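Hi everyone, thanks for coming.

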Amino acid sequence: MNTVYFDNSATTRVDDEVLKAMLPYFSESYGNASTIYKLGRENRKAIEEAREKVAKILNCDASEIYFTSGGSESDNTAIKGIAYANRKKGNHIITSKIEHPAVLDTCKKLEKEGFEVSYIGVDENGILDIEELKREIRPTTTLISIMFVNNEIGTIQPIEEIGKIAKENNIYFHTDAVQAVGTLRIDVKALNIDALSLSAHKFYGPKGIGALYIRRGIPFDNLINGGHQERSKRAGTENVAGIVGLGKAIEIAYNDLDEHCKKIKELRDYYVEQVEKRIPYIKINGDRERRVPGNSNISFRFIEGEGLLLNLDLKGICASSGSACTSGSLDPSHVLLAIGLPHEIAHGSLRISMGKYNTKEEVDYLIDSLVEIVSRLRDMSPLWEEFIESEENK
């Protein structure tokens with residue numbers, strides 16, 4: 001059975017050109033980049049070239065880019081690092097209720113250490129409540145951390161407006177842009193972003209490597225101590241192959257951005273259109289327009305997301321559910337609850353995220369599979385039977 005992959009928001013396969021660029025650094029150019037001999041100097045040059053590529057995409061200086069192990073480390077470093085370094089100025093942080101756990105759990109840890117955190121709500125489409133954000137600003141607020149794009153429903157937040165508010169109030173602004181980089185054009189200067197997190201494996205780069213942009217002059221404490229790598233801000237021998245891969249992946253992504261986005265948006269729109277036509281009693285989650293092109297999150301009433309995923313898997317289809325059942329929790333997604341979905345509807349959600357390797361034939365296979373699976377699961381559901389009886393008795 002061939003695998004049909006529709007979970008590109010979770011991770012992506014490594015682009016062939018990226019892999020080719022990385023391979024020499026595993027067996028030929030294997031020197032430690034902190035050494036002074038030629039084998040090390042060559043690797044140092046490769047790292048700095050990758051740093052320049054990231055900086056060019058974000059419109060910042062290369063000295064403001066720090067390589068990390070991925071999005072979670074970048075989020076932790078930005079939030080904890082800025083919070084700790086600026087504690088004398090204030091201990092209040094503002095974030096949203098729909099952030100990734102890398103942000104939410106970091107904020108919860110800081111609350112245990114005496115920091116105060118405000119969690120801003122969103123509307124039914126997942127868009128941040130700007131007025132609530134303004135009301136929560138205090139003299140002690142030092143940091144606002146709002147994700148650029150939500151990882152579950154694909155909603156794009158009003159980052160430019162948030163950045164303007166933060167700047168007017170002399171508050172540092174961090175954005176988790178893990179789901180945005182490689183899909184949207186980002187200018188940190190124009191958007192007044194002070195810190196930004198990204199991860200290579202979301203745009204066809206390798207896993208285990210990310211980057212953090214922090215504007216020059218912003219004080220932040222180290223998360224990892226030890227050596228003097230990354231200008232003494234992130235200790236640890238550099239992952240040269242990973243860094244080269246990140247640089248190549250971000251370069252490819254932005255050389256081909258418009259064509260890539262057009263293709264996956266067309267596939268996504270076709271998928272949503274067909275599902276709406278062929279499957280009744282569904283709900284599209286997230287803003288219809290203000291969302292990244294490849295994302296679709298749909299709730300199918302009267303079924304469980306776990307059953308839907310397992311049946312799709314039997315057909316070789318990889319997707320994602322809005323339920324956290326796979327982590328041992330019976331609770332539905334905190335994002336879907338935050339946008340106002342009742343538990344029973346949130347449990348039946350399915351996230352499909354298109355990527356550059358997907359084809360229309362694969363999308364047709366997905367749609368046909370969903371029609372069959374949803375019908376079968378509903379026929380087995382007591383809730384569906386009760387609903388049909390109630391409709392007939394009206």
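**Salt bridges and a covered strand**

Let's start with glutamate 48 and arginine 51, whose side chains meet in a salt bridge, 2.9 Å from N to O. By salt bridge I mean a side-chain nitrogen of Lys or Arg within 4 Å of a carboxyl oxygen of Asp or Glu. Before going on: this is a predicted model, where local features need pLDDT of at least 70, side-chain atom pairs count only at pLDDT 80 or more, and totals for chains, interfaces and linings use all residues. Residues are numbered from 1 along each chain as its sequence is written, and side-chain values use heavy atoms, leaving out hydrogens and water.

Back to our pair. Glutamate 48 and arginine 51 are three residues apart in helix H3 (residues 38-58), so about one helical turn separates them. Helices (H or I, at least four residues) and strands (E, at least two) are DSSP runs, numbered from the N terminus. Arginine 51 is buried at 2% relative accessible area, while glutamate 48 is partly exposed at 30%. Here buried means under 20%, exposed over 50%, and partly exposed in between, with a 1.4 Å probe and protein chains only.

Helix H10 (residues 257-278) has a pair too: glutamate 273 and lysine 277, four residues apart, form a salt bridge at 3.4 Å, N to O. Lysine 277 is exposed, at 61%.

And which way do the residues of E13 point? Ser349, Arg351 and Ser353 point one way, Leu350 and Ile352 the other, and all are buried.
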